[in-house]
Amino acid sequence: MWLGLIGLTIFTLAPFVYLFLSSISREVELINGHIIPHSPTFQNYIGLLTGSNAVMFASALKNSVVVSVMVTVISIFVGVFAAYAFSRINFPFRKTGLFVVLAMQIMPSISIITPLYIMIRDGIKLDIPFTGIVLFQTPPLLDSVWALIFAYTSFSLPYVVWLLAGYFQSIPKELEEASYVDGCSRLRTMFRIILPLSMPGIAATAIFVFLNAWDEFLFANAFTQTYASKTLPIMIAEFVGKHSIDWGSMTAGGFLASLPPVVISLFLYKYIIGGVTAGGVKE
């Protein structure tokens, strides 16, 4: 068992350690294939944070933070109510609807990128079918952080609903029934009983949504064109040119971009483990 754990640890941490060693290596050492730097230097970080790429890196970092936080807040806010309805309220086609949500989650992202691109390019429109009456329409969102927020929410929300619906089902119904006897409404019961007991699961789900939005590349590559909206994964990928590769900036940027998920995972791992394991038990 210990040999397996050691092997898993090495397999998991080796890429991260290699990325850090590469970020403090000189370009000539990286080209020659040296894994351990002979003369470590932090010049790659200094050049990234103070050189010509500093403004682009700061803009990409801000965009990644804004997009990840907004997607997490919107997905959790909407997903909590939807998951509670699926887990506690009996209505026609409830189970079918939940499986439709699951089907949306397992559907490949590449299959919806074209319709999403058209919607974002022309503006998101809400109208009454067969009447021509437009109730709501946004301006074109292409090359903006709102395009990424809309796209990321489209695949984060089903994940939140499915995960939290299973977590809410693990909470005994007797607690809700007792609150009804005491005169609480369903909405008040949800806020006073269900949500406080569900905080570990909600926190774990929020962490996963944030990390998925932080690392996403496919939609960001399709919907962004300038550094006004590009996120860290796109900016780091652009260090790979047609005829050359800026190894120093790419490795330094990659290491800095990987730090927030690592820090979040280290400090909030109790919520991650507790939320996932508790959500797997059904009453």
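Phe219 is buried, at 0% relative accessibility (buried is under 20% relative accessible area, exposed over 50%, partly exposed in between, with a 1.4 Å probe and protein chains only). This is a predicted model, where local features need pLDDT of at least 70, side-chain atom pairs count only at pLDDT 80 or more, and totals for chains, interfaces and linings use all residues. Residues are numbered from 1 along each chain as its sequence is written, and side-chain values use heavy atoms, leaving out hydrogens and water.

Phe155 is buried too, at 19%. Its ring centre sits 5.7 Å from that of Phe219 with the planes at 45 degrees, so the pair is tilted (ring centres of Phe, Tyr or Trp, the latter by its six-membered ring, lie within 6.5 Å; planes under 30 degrees apart are stacked, over 60 edge-to-face, the rest tilted). Phe155 belongs to helix H7 and Phe219 to helix H10 (residues 218-223), so the pair links parts 64 residues apart in sequence (helices, H or I, are DSSP runs of at least four residues, numbered from the N terminus).

## A pair within H4

In total there are 13 aromatic pairs. One of them, Phe77 with Phe81, is edge-to-face, at 5.5 Å centre to centre and 70 degrees between the planes. These two are four residues apart in helix H4, so about one helical turn separates them. Phe77 is exposed at 56%, while Phe81 is partly exposed at 34%.

## An aromatic cluster

Phe16, Phe20, Phe42, Tyr45 and Phe255 come together as one aromatic cluster.
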